[in-house]
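Please keep the sequence and the model in view while reading.

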Amino acid sequence: MTALLRLDQVSKVYNSGTVALDGVNLAVDAGEFVSLVGPSGCGKSTALRLVAGLGEVSSGQMQWSVPPEQRQMAFVFQDAALMPWATVVNNVHLPLKLKGQSLRACRQQIYQALDRVALGDAASAYPRQLSGGMKMRVSIARALVTQPQVLLMDEPFGALDEMTRSRLNQDVLDLWQQQQWTVLFVTHNIYEAVYLSQRVVVMAAQPGRVVAEVTIDVPYPRTEAFRTSSLFNQYCREILTHLAQAEAGGGPVPMSSEESAIAG
Amino acid sequence: MVIKSPKRPSTQAKSTVLPAATPQSWRWRLGQWLLSPDVLAPLVVGILALALWDLAVRLLELPPYLLPGPILVAQTLVREWPRLFPSLLITLQITLAAFGAATLSGLLIAILFTQSKWIERSLFPYAVILQTTPIVAIAPLIIIWLRNDTFAALVVCAWIVAFFPIVSNTTLGLNSADHSLRNLFELYGANRWQTLWYLRLPSALPYFLGGLRISGGLALIGAVVAEFVAGTGGTRSGIAYQILMSSYNLQIPRMFAALIMTTTLGVLIFVILTLLSDFLLRHWHESAIRREN
Ligand SMILES: Nc1ncnc2c1ncn2[C@@H]1O[C@H](COP(=O)(O)OP(=O)(O)OP(=O)(O)O)[C@@H](O)[C@H]1O
Ligand SMILES: [Mg+2]
């Protein structure tokens with residue numbers, strides 16, 4: 001089976017001269033759940049944006065094996081990126097509105113998406129009235145409402161409390177299996193990456209590059225018991241080791257949550 | 001407000017309690033507002049200044065043609081109102097026409113600028129040149145060119161003064177839409193007009209309204225300056241003509257009265273535009289929201 005998406009020696013240099021990505025190779029199969037982890041500034045967001053077609057690669061190639069119609073994408077940005085002048089409902093409606101669907105025609109769809117992220121009650125609120133976590137959930141609802149085939153998520157749960165995070169983790173996994181999404185998931189949190197994904201791509205900074213791929217060979221549905229199993233810990237330790245090696249080998253790397261995780 | 005008589009049936013009586021007592025009623029809020037430092041502080045300063053002015057005029061025994069006292073000015077204002085007010089209305093007409101034209105043209109030009117970098121590059125310098133040309137210098141020319149229609153000439157002068165803040169503010173606003181939101185629009189295949197209508201224009205609204213507030217005052221100044229240059233011209237004479245004539249005739253109290261009317265109009269325009277801005281942005285923009293932490 002050929003991969004749905006293949007990055008071949010992809011580099012990205014910003015106009016400022018920052019080498020955000022340097023020779024990244026990555027293949028993602030259709031229906032796969034892949035996480036990207038790495039220290040702050042290693043180019044995770046950059047990689048995700050390139051996959052979404054936002055911005056050009058500087059060198060290398062990015063190939064899809066299917067035409068654009070068969071890879072409807074949805075993006076959950078690191079900052080919630082809500083329109084402050086629009087209510088929650090109107091924010092979630094946006095992708096459909098851009099396709100020419102009126103609010104009345106897709107009301108049900110929108111409320112379904114809002115219920116999924118437990119925001120049915122906040123439908124008529126404005127973003128400034130929401131907490132950081134609620135904003136993020138609106139942003140997730142806005143991605144769900146398009147019924148995408150490819151879901152790109154950039155640290156979607158970073159601002160959430162542990163309870164909401166694990167509930168939404170479960171929701172994403174359920175939806176992923178139901179809808180047969182392909183998910184590319186960026187996170188700072190190694191435990192989350194291991195719990196969710198089939199494969200964890202470990203990245204390092206300066207220049208941004210892939211240093212290892214760890215396959216999490218555990219069947220779904222994954223239970224809470226998996227989180228506390230020794231296998232789970234083993235995977236986490238493996239990823240931490242890769243991150244530590246990359247940092248020891250590379251130049252000075254800015255302080256990140258992974259560093260504190262290693263220190264702790 | 002209708003206050004119903006207490007003899008009505010009890011179901012009515014319940015719902016018609018006098019609103020003055022409840023904290024949410026408009027009377028209570030008006031009272032609170034009048035007693036707030038926002039109103040009291042400038043009021044006290046104003047009264048002090050007037051008292052000082054009056055005192056200075058009396059102690060130094062200044063003649064009214066040098067500096068009239070505030071009471072004399074107030075008396076003149078009341079006496080001359082029937083002659084001054086129609087003039088003020090003419091100036092107001094010029095101001096409103098110029099302001100409307102500036103708003104419309106400023107908005108359209110700003111939108112044009114953001115549709116193509118080339119248009120912006122080629123035209124923006126000329127907008128700046130128009131802005132920096134001293135209006136006093138070119139007003140005579142414009143009045144001569146449009147000598148058949150003084151009103152139009154004055155409007156053009158005021159428009160030149162008023163339109164730049166709207167263009168530059170709105171252009172800035174249209175270009176400052178959130179980066180991630182722009183990415184989102186691109187990802188979801190929004191076309192140029194959708195991006196303009198649903199993203200750029202709402203993002204630009206606070207900037208545009210800020211531009212309006214500046215331009216409102218400038219339109220009035222532009223109108224007054226142009227009237228000054230136009231001089232006596234015709235029967236339809238604005239407030240600047242009255243100021244000019246009063247000063248020629250050494251009717252200084254009358255001049256002060258006309259000045260006060262002009263400034264009051266300027267303040268009114270500013271207040272109205274501020275209220276409009278607060279109203280339009282009340283749901284989402286920091287400038288219009290009371291901070292709650
Ligand atoms: N638009 C941009 N212009 C210039 N440089 C950029 C831009 N976006 C990112 N960079 C640079 O590229 C590098 C990678 O940034 P990126 O946002 O992809 O990191 P990240 O892995 O997502 O970090 P974080 O975990 O903190 O979100 C950084 O050094 C950053 O300074
Ligand atoms: Mg990022």
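Strand E1 of chain A, residues 5–13, is joined to E2(A) by 6 bridges, and the two run antiparallel; strands here are DSSP runs of E with at least two residues, helices are runs of H or I with at least four, both numbered from the N terminus, and two strands pair if DSSP finds at least two bridges between them. Within this pairing, Val10(A) has Val24(A) in E2(A) as its bridge partner.

The model is predicted, so that local features need pLDDT of at least 70 and side-chain atom pairs count only at pLDDT 80 or more, while totals for chains, interfaces and linings use all residues. Residues are numbered from 1 along each chain as its sequence is written, chains are lettered from A and ligands numbered from 1 in the order in which they are written, and side-chain values use heavy atoms, leaving out hydrogens and water.

In chain A, an open sheet is formed by 3 strands in the order E2-E1-E4, with antiparallel pairing. Its edge strands, each pairing on one side only, are E2 (19–28) and E4 (59–64) of chain A.

In chain B, Arg254(B) lies in helix H11, which spans residues 252–280. Arg254(B) counts as buried because its relative accessibility is 10%, where buried means under 20% relative accessible area, exposed over 50% and partly exposed in between, with a 1.4 Å probe and protein chains only. The side chain of Arg254(B) makes a polar contact of 2.8 Å with that of Glu80(B) and another of 2.8 Å with that of Ser246(B); such a contact is a pair of N or O atoms within 3.5 Å, of which, within protein, one must be able to donate a hydrogen and the other to accept it, and residues adjacent in sequence count only if both atoms are side-chain atoms.
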